[in-house]
Amino acid sequence: MAQARKIALYMLVVFVLYTIITSPKRAADLVEVGFEGVSSAAQGVGDFMSELVK
């Protein structure tokens with residue numbers, strides 16, 4: 001099981017590197033979208049906690 005997980009991780013890393021090398025603009029756009037999603041989620045949690053305190 002651990003061997004399969006390690007192989008899957010290596011395949012994922014190779015895919016990510018391939019994507020970055022072949023189309024860096026698209027990869028940058030995907031990273032930006034990901035960070036915007038994380039930022040939005042953090043903002044929502046912050047708003048929720050603020051409303052709980054009030």
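In the predicted model, the mean positions of the 5 positive and 5 negative charges of the chain lie 14 Å apart. Because the model is predicted, local features require pLDDT of at least 70 and side-chain atom pairs pLDDT 80 or more, whereas totals for chains, interfaces and linings use all residues. Residues are numbered from 1 along each chain as its sequence is written, and side-chain values use heavy atoms, without hydrogens and water.

A search of the whole structure returned 1 salt bridge, defined as a side-chain nitrogen of Lys or Arg within 4 Å of a carboxyl oxygen of Asp or Glu. Asp29 pairs with Lys25, and their closest N and O atoms are 3.7 Å apart. Both residues belong to helix H2 (residues 24–53) and are separated by 4 residues, about one turn of the helix. Asp29 is partly exposed, at 29% relative accessibility. Lys25 is exposed, at 62%. Here buried means under 20% relative accessible area, exposed over 50%, and partly exposed in between (1.4 Å probe, protein chains only).

The chain contains 2 helices and 0 strands. These are DSSP runs (helices H or I, at least four residues; strands E, at least two), numbered from the N terminus. The radius of gyration is 18 Å, well over the 10 Å given by the globule rule for 54 residues, so the chain is more spread out than a compact globule. The radius was taken over C-alpha atoms, and the rule is 2.2 Å times the number of residues to the power 0.38. Along the principal axes, the C-alpha atoms fill a box of roughly 50 × 35 × 5 Å. Lys6 and Val45, 39 residues apart in sequence, are 33 Å apart from C-alpha to C-alpha. Lys6 sits in helix H1 and is partly exposed, with a relative accessible area of 44%.

Buried residues account for 4% of the 54 residues. The accessible surface totals about 5000 Å², and 72% of that belongs to carbon and sulfur atoms. Areas come from the Shrake-Rupley method with a 1.4 Å probe; for residues, only the protein chains shown count as cover. Ile21, in helix H1 (residues 2–22), is exposed at 68%.

Key: Lys, Arg positive; Asp, Glu negative; His and termini not counted. Charge placed at Lys NZ, Arg CZ, Asp CG, Glu CD.
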